[in-house]
Amino acid sequence: MIKAKNRLGLVFFPAFDWAISPTHPEREERLLYTQDQIFEEGIEDIEGIKFYNPIVAENRDIERVHFAVPDVESRVTKSHLISVGGAIKAFKAVMEKEVDKSFALVRPPGHHAQRVVYGDRGFCIVNVEAVALERIRQEYGNLRVAIVDTDCHHGDGTQDIYWNDKDTLFISFHQDGRTLYPGTGFIDEFGGPNAYGYNINIPLPPGTGEEGFLYVLDNVVLPILDEYKPDLIINSAGQDNHYTDPITNMNFTAQGYAKLNDKLNPDIAVLEGGYSIEGALPYMNLGIILAMAGIDYSKVKEPDYNKEKLKQAKDITDYIKQVCNIVYKKWRNKEELWLKDIKGKDYIQNQRQVYYDTDGIMEKQVQNFKVCNKCSGVNTIDSRSDTGYHIFAITIPRDACSNCLDEGYRLYKHSLNKYTNVYLQDRVNDEYLAR
Amino acid sequence: MIVGLDMGGTNVDGVVIEDYKIINKVKKPTNRDDLFGSIWSALRELLMGVDKSKIERINLSTTISTNAIVENKTDAVGMIIQPGPGLPYDFLACGDENIFISGYIDHRGEIIENFNLSEIERAINIFKQKNIKSCGIVTKFSIRNPKVEKSIKKLLEKDFSPITMGHTVSGKLNFPRRVYTSYLNSAVHSVFNEFSSSIKKSLSQEGVDAPIFILKADGGTMNISAAEEKPVETILSGPAASLMGINAMLPTSEDAILLDIGGTTTDIFFLANGVPLFEPLGIKIDRFKTLVRAIYSVSIGLGGDSSIDIEEGQIKIGPTREGKPYSFGGPKPTPTDAMIVLGQIHDGDREKAYDSMLALGEKLNMAPEKIAESILYTMADMIKDKVDELLDEINSHPVYTVKELLYGKKIDPKLINIIGGPASILAPILEKKFKLPCYFPKDFHVANAVGAALAKPTTEINMLANTSQGVLSVPELGLYEKVDRSFTLQKAKEKTVELIKESALSLGASKDEIETEILEESSFNMVRGFFTSGKNIRIKAQTKPGLIHELRSDWND
């Protein structure tokens with residue numbers, strides 16, 4: 001029998017009784033064929049691979065990351081708490097050293113869920129990785145973490161959550177926002193005042209294939225990770241870059257995805273999107289499992305795999321090289337750029353609109369980050385939705401200084417009456433208030 | 001009148017049961033060099049003075065196939081394996097010759113690429129050269145489409161027999177196990193068939209014409225002709241016999257822990273609402289993980305004759321047995337010696353038993369009686385630790401739906417049923433440790449034979465209907481047919497129940513003893529593009545494992 005080189009924990013929770021709607025891409029059937037493949041290959045008999053059930057996350061875990069409006073109960077279902085619980089289990093198995101690595105194959109996905117949650121966007125309500133990671137930080141202390149989002153869509157939710165957090169490096173490579181939902185993820189989205197340069201986007205042209213993705217990895221992602229030296233690397237593992245995916249336009253393959261994981265060498269992977277459920281997911285997931293377990297994946301391929309047909313065009317290759325060059329230079333120059341763009345300012349304000357495509361909600365928000373020289377700085381969100389809410393949300397970051405802590409509480413106490421809801425996230429004391 | 005016989009490693013036990021009572025019993029030592037002779041002499045003795053015309057059935061639990069595998073006395077098998085893309089496959093080379101062929105079937109059952117005829121011709125040549133007669137043919141995903149296995153079988157039929165096709169051994173997904181199970185089935189074919197023809201011949205010479213059934217590892221039986229086809233199903237039926245025996249003597253409908261405490265080992269089983277727990281995929285034999293359906297049983301090296309040492313100031317019992325107990329002339333102190341010192345067993349040399357406890361006690365500064373007591377408590381602790389660990393594992397087995405995760409059944413034992421030599425002595429201690437009532441039957445010595453006698457035919461089938469492709473398959477029955485778009489979960493359930501009844505009848509079950517049960521059912525909407533293209537319906541069903549009847553109550557509590 002085969003033995004895994006790395007002990008791998010698998011939280012395989014296909015949620016066969018949950019769907020957004022009967023014909024939605026996020027439906028019961030999504031991981032059915034992945035399960036067939038995993039079972040048929042005999043993965044559970046491989047020495048060193050261990051299967052875990054999810055735990056059920058608590059409302060408090062959600063509040064640590066999100067401002068669910070009006071509250072967690074109204075927005076978050078048991079299925080979401082279990083999906084998050086699956087990721088928590090995956091993290092814990094690694095933290096407790098029961099396994100070397102883990103992979104949470106859970107649904108629903110999460111990387112489009114931002115700090116404020118009025119509803120479902122991009123099939124996500126709760127940011128699975130972020131909620132799991134913050135629970136782990138709460139239990140095990142602060143960790144330096146890199147989240148590499150390999151989904152075809154920009155991980156705008158994760159970007160929003162870690163925008164101003166230097167201890168969480170966020171790197172997303174994805175199909176260019178000018179050609180795909182959610183329409184963000186450009187190079188100049190570079191992080192908040194305290195984490196300027198720690199939010200890295202690599203927008204890729206439609207038609208990017210194995211060559212392009214591995215180029216990005218070798219020339220941007222891996223060098224940055226080498227310099228950043230994270231305690232944990234998380235792969236936000238969407239699988240919709242596949243050449244058969246029905247809602248994207250990329251040319252990635254199971255082999256490529258396995259290689260990517262082999263090189264990236266993540267401690268934890270969490271499944272995100274990926275909707276070619278028969279033609280891609282069974283092979284992509286198998287590839288990731290084998291790569292993470294350190295088992296030969298060279299024989300994993302799709303039924304219709306054709307290397308020649310999937311070869312990346314030369315103009316695409318050249319374009320990707322240019323993008324990579326710009327992104328990497330910008331990372332190297334982040335301190336200078338900070339001096340130029342941030343230094344001397346007391347606050348940085350961002351105005352933006354957020355569209356909830358799944359639920360059809362429009363939100364307008366103003367985020368305000370205090371530039372503090374002692375900590376990440378207290379920050380606030382003033383947000384209105386077309387469902388009638390107007391909320392004010394205050395975040396006191398994990399590393400807040402006493403001034404920022406006091407200021408957070410002061411803002412909460414003295415907030416104006418015009419708001420329908422006011423929230424305070426006190427990460428220092430793990431306290432979450434609302435009124 | 002039913003005859004039950006269980007051949008174990010040391011003894012052959014037999015019973016005759018009539019009107020819910022044991023009317024005759026026998027115990028004979030097993031001669032490993034003559035298994036048929038051992039069984040036959042026990043059977044003959046058992047049938048002496050019995051009205052042979054009243055025998056309704058004969059149920060046998062044998063170690064014929066198990067021994068052949070463990071002792072490496074199986075036939076050479078030529079394997080033809082189609083691994084397709086996926087895991088590396090060298091580790092699947094279990095046959096004496098292994099030919100890996102090209103082509104593959106995907107998870108939908110579509111033949112993406114066919115095999116090459118020349119590969120099969122090459123295999124035939126090699127097998128012939130090596131004088132191999134038995135074959136196994138297994139493709140990945142053959143349970144989704146058996147065509148490739150069937151067409152290769154056609155090519156081999158002229159020259160080889162037996163030939164086991166992977167899709168016939170189980171309807172469960174697990175390619176490596178399917179390969180091993182198919183290999184073993186062909187490997188034990190002749191040794192089992194020799195046995196079965198001898199037993200049939202001998203019985204008919206004795207004037208017995210009752211149907212003969214063979215016990216399986218799942219605690220059910222199959223008639224002897226089914227066993228001749230699928231002899232791999234006869235492996236490791238011993239633990240199943242003892243579990244069925246406990247259930248016959250101590251019936252319950254609760255969650256329960258079942259223990260068979262012997263001289264060398266303790267076997268642990270569990271009941272959920274009175275029904276035995278199964279291995280999720282199949283039993284492991286020798287180095288092979290198989291798809292042979294089996295009762296979940298875990299054996300630990302702890303019994304009445306386990307040797308005792310003191311290590312780092314602690315009493316250490318087992319896992320080995322180094323011979324008889326000290327009081328019976330053995331080399332080491334054992335739990336049996338402790339029981340003799342405590343006056344709970346009146347056998348063996350009491351003085352020697354006392355000496356052995358005295359010597360152990362000195363190392364821990366304890367009086368002989370005190371350490372003897374300590375030994376029994378340690379035994380109970382060891383059993384409890386293992387049971388707790390297993391329950392943890394069982395209760396965290398993977399589930400795949402929100403409903404199961406939130407409300408799924410957890411095993412919560414309400415009682416313990418024990419058989420075996422030390423059962424009555426350990427029961428009160430286990431009762432204290434587990435805080436659960438413990439029961440043991442009077443006549444545990446023949447529990448295994450009783451279990452074999454009262455087991456009834458069992459079978460399991462897995463149906464998959466994909467109405468988008470228009471295919472319905474039940475691999476265990478070799479069924480692969482068209483199905484139309486109007487097929488529903490309800491229709492599928494009805495069809496499964498019909499099929500499982502037929503299958504049970506073909507295994508020799510009588511109509512009134514077939515109790516069908518649907519274990520799993522699901523129906524997925526298949527959406528392609530923006531339209532529902534069909535349904536993916538999956539059903540697992542079985543005949544409920546159980547007893548022909550219970551034994552009339554004569555147990556202690």
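Q: What share of the 435 residues in chain A is buried?
A: Keep in mind that this is a predicted model. A residue counts as buried if 20 or more other C-beta atoms lie within 10 Å of its own. In chain A, with its 435 residues, the buried share comes to 58%.

Q: Among contacts in chain A between residues at least 6 apart in sequence, what percentage joins residues at least 24 apart?
A: Chain A is built with 12 helices and 16 strands. Take its contacts between residues at least 6 apart in sequence; the part joining residues at least 24 apart is 73%.

Q: How do H7(A) and H8(A) run relative to each other: roughly parallel or roughly antiparallel?
A: Helix H7 (residues 210-228) and helix H8 (residues 254-264) of chain A have axes that come within 10 Å and cross at roughly 10°. Angles under 35 degrees count as roughly parallel. So H7(A) and H8(A) are roughly parallel.

Q: By class, how many residues in the contact of H7(A) with H8(A) are nonpolar?
A: On the H7(A) side, the contact includes A:Phe213, A:Leu214 and A:Leu217, while H8(A) brings in A:Lys259 and A:Leu260, among others. The contact has 2 polar and 3 charged residues, and the nonpolar count is 7.

Q: Which are the edge strands of the open sheet of 6 strands in chain A?
A: The order in this sheet is E11-E12-E13-E14-E15-E16, with mixed pairing. From one strand to the next, the twist averages 15°. An edge strand pairs on one side only, and here those are E11 (347-356) and E16 (431-434) of chain A.

Q: Which residue of E15(A) does A:Ile396 stand opposite?
A: Strand E14 (residues 390-396) and strand E15 (residues 421-426) of chain A pair in the parallel sense over 6 bridges. Helix H12 (residues 402-413) of chain A lies across several strands, E14 and E15 among them, and runs at about 160° to E14(A). Opposite A:Ile396 stands A:Asp426.

Q: Which element gives the most to the side of chain B that touches chain A?
A: The contact takes 34 residues from chain B and 37 from chain A. Elements of chain B giving two or more residues include helix H5 (175-187) and strand E27 (531-543). The one that gives the most, with 5 residues, is E26(B).

Notes. Residues numbered from 1 in each chain as written. Chains lettered and ligands numbered in written order. Predicted model: local features only at pLDDT ≥ 70, side-chain atom pairs only at ≥ 80, totals over all residues. Axes fitted to C-alpha atoms, helices over the stretch in contact; angles between N-to-C directions. Helix = DSSP H or I, 4+ residues; strand = E, 2+ residues; numbered from the N terminus. Parallel < 35°, antiparallel > 145°, perpendicular 65-115°, else oblique. Contact = placed C-beta atoms within 7 Å. Nonpolar A, V, L, I, M, F, W, Y, C, P; charged D, E, K, R; others polar. Buried ≥ 20, exposed ≤ 12 C-beta atoms within 10 Å, placed from the backbone. Pairing = 2+ DSSP bridges.
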